[in-house]
Amino acid sequence: MTELNGEPAGIRELTALAMTNYGHFTTMRVEDGRVRGLSLHLDRLVRDCGVLFGTDPDRDRIRELARRAVADTTGPLTVRVTVYDPDLGLERPGAEAAPRILVTTRPAAAPSLPPLSVRTAAHHRDLPEVKHVGLFGLLRLRRLAQLDGYDDVLLTDERGAVSEGATWNVGFFDGERVLWPDAGCLPGVTQELVRRGYGGPQHTEPIDRERLGELRAAFALNAGVGVRPIRSIDGVELDPEHPVLDTLRKEYAATEAEPL
């Protein structure tokens, strides 16, 4: 399913997204017409639209278009809502914008995937607080990591402090507390739901690469798979079966999903 403002997306409109590459999106896992953190996904779309376009999208219209996309389907789906203006060109990106809503669907990934092996790479995303469509730098680093035998890449800043994964947030456990990186990164919906649901102690602080050997467990978070263990970072082994990971997964799974 690929619809733009509720109509089949044409070649011209899709080409504009590919060629201009200016917009933002959110990705949701939809099961039985419901989404964990739906309100947060909508908040993100409204916030990011204000930053990139200076406009305020209609939350109810976004929900309506997403409902259309999953109607008469079965099984879990990944629904991506992308906001962009097909008429905004390379020559005049400062022109008045009229962003539209592109909704695409695909089968969702399995809810339980094997633990990740990742390596770090120094990289700072443009406007990291916005979930924008500029993914080239992230995909290049992911590709290079995979060519060298890793599953994915974990970003660090110029000081060597961990920030986020290529398309996921990251958390750690030091034996007593869940730790969140204090660094510029995308405020993830799944991360926020886990923060709210976890009943144990947690803290936000800088996580330098040199500290990795002191930590017990690490995990990736995104809407597609929820909480996914990380088994190693730069060859530093972590416990992918630590009990805290099971706790986090159960508490995330218990989050009440909202109807589209």
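Predicted model: local features only at pLDDT ≥ 70, side-chain atom pairs only at ≥ 80, totals over all residues.
Residues are numbered from 1 along each chain as its sequence is written, and side-chain values use heavy atoms, with hydrogens and water left out.

The chain holds 6 helices and 16 strands, where helices (H or I, at least four residues) and strands (E, at least two) are DSSP runs numbered from the N terminus. Its radius of gyration is 19 Å, close to the 18 Å that the globule rule gives for 260 residues, so the chain is as compact as a globular protein of that length; the radius is taken over C-alpha atoms, and the rule is 2.2 Å times the number of residues to the power 0.38. Along the principal axes, the C-alpha atoms fill a box of roughly 50 × 40 × 30 Å. Of the 260 residues, 47% are buried, a term that means under 20% relative accessible area, with exposed over 50% and partly exposed in between (1.4 Å probe, protein chains only). Among contacts (heavy atoms within 4.5 Å) with a separation of 6 or more, 69% join residues 24 or more positions apart.

In soluble globular proteins, nonpolar side chains tend to be buried together. Here the largest nonpolar core has 24 residues, of which Phe53, Val79, Val81, Ile101, Val103 and Leu260 touch the most other members; such a core is a set of buried Ala, Val, Leu, Ile, Met, Phe, Trp, Tyr and Cys residues joined through side-chain atoms within 4.5 Å. Strand 3 (24-31), helix 2 (38-53), helix 3 (59-70), strand 5 (77-84) and strand 6 (100-107) each give two or more residues to this core, and helix 2 gives the most, with 6 residues. Leaving aside neighbours within four places in sequence, Val81 is in contact with residues including Phe25, Met28, Leu45, Ile62, Ile101 and Val103.

Helix 5 (residues 189-197) has Val189, Thr190, Gln191, Leu193 and Val194 as its buried residues. These pack against several elements, among them helix 2, strand 13 (217-222), strand 14 (226-233) and helix 6 (243-253).

Ser163 counts as buried because its relative accessibility is 6%. Not counting residues up to four places away in sequence, Ser163 touches Leu155, Thr156, Val170, Pro181, Ala183, Gly184 and Cys185.
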